[in-house]
Structure formats: structure tokens, C-alpha cells
Amino acid sequence: MTTVSLTVNGKAVSANVDPRTLLVQLLRENLRLTGTHVGCDTSQCGACVVHLDGKAVKSCTTLAVAVDGASVTTIEGLAHDGTLHPMQEAFREHHGLQCGFCTPGMIMAAVDMVNRRGHTLDEKTIREDLDGNICRCTGYHNIVKAIAAGAEAMGKGAAPVRQAAE
């Protein structure tokens, strides 16, 4: 067993894990943060996307020991003081979901997209950047609308993603 210490959603945590433990397992099984989903175990579906030191990563192929000392933000860390993050609110308002299984990963990927590309995103850019995030229920139309609306809302001074250093 190896001790891993990191910051998750702004809180310092540590856990004893087998060196083969994946980040998604640490989050779900050790820390009980079950919003991060496992959809494929092969890094193809994107249901497991979290932010690692501010960048989107697929936690199903990231070893927990590799993130020792890092900062991780999960879907549970986006809302602040009971208020949804603008991207979460946009997914709710524009019904950017159907069954909801892929939604946490989609939202985390979308926030990263905005952080990298800015607050004005066209449909082509959104669809291209969603490559690697699969929704098995929808045609992506409302997901794309939600991301565009969320990006715009993030640009209007809505609360930024809370990083662990804060």
C-alpha cells in the first residue's frame, strides 16, 4: 500500500491505496465522490473526466499514485455554497442530458473547453472538442446548446471553477 495525499475539491485528503489503484477508484471508493462515473475503463467515453491541476483528464486511466500532491476537482466541487456552477446550470436549463450518466464528464470537459478556448464557442468547436465524450442517449443537440450557454454565462462573471489552492 502507498499513501497518496492530494487536494480534492479544495480539501486536503490522503488515502492508503494499492499502487495499481486508478484515480476514479480513489474518488469513488475511498472518498465516496460518486459523481465521477466509470463508463468504459478504456478512456474512450469521458464519463470519468475530472480536472487535475486545472486540466481535464480521464480518471479511469490515471493512477492515483501519479496524482500525489496534485489538486483534483470533481463534479461535486463545481457548485459553490449551494449554487450550481454556470455550466451545471446551463445543462439543467437547456436539458443537456437524458439519462444523466455522461453528464458529469460532459460538464467537466465543457468547463475545461471554456477555460482553454474562451467564452464564445461555436457549434463546430464544441462538437470537435467533445470528441472523447460519448453520450449514448442523445443526439448531442441540447448538450451543444448547454455548453454554448454555459460558456457565455461563465464569461459574464459567474463564479469560476474553484481550484484547490483557494
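**Cysteines and strands, question by question**

User: Why is Cys48 called buried?

Analyst: Its relative accessibility is 2%, and buried means under 20% relative accessible area, with exposed over 50% and partly exposed in between (1.4 Å probe, protein chains only). So Cys48 counts as buried. By the way, this is a predicted model: local features need pLDDT of at least 70, side-chain atom pairs count only at pLDDT 80 or more, and totals for chains, interfaces and linings use all residues. Residues are numbered from 1 along each chain as its sequence is written, and side-chain values use heavy atoms, leaving out hydrogens and water.

User: Why are β2 and β4 said to stand at the edges?

Analyst: Five strands form an open sheet with mixed pairing, in the order β2-β1-β5-β3-β4. Strands are DSSP runs (E, at least two residues), numbered from the N terminus, and two strands pair if DSSP finds at least two bridges between them. β2 (11-17) and β4 (55-58) each have a single partner strand, so one side of each is left without a neighbour in the sheet.

User: How do you know that β1 pairs with β5?

Analyst: Two bridges join β1 (residues 2-8) to β5 (residues 71-73), so the pair meets the cut-off. These two strands run parallel, and Thr7 has Ser71 in β5 as its bridge partner.

Key: Helix = DSSP H or I, 4+ residues; strand = E, 2+ residues; numbered from the N terminus.
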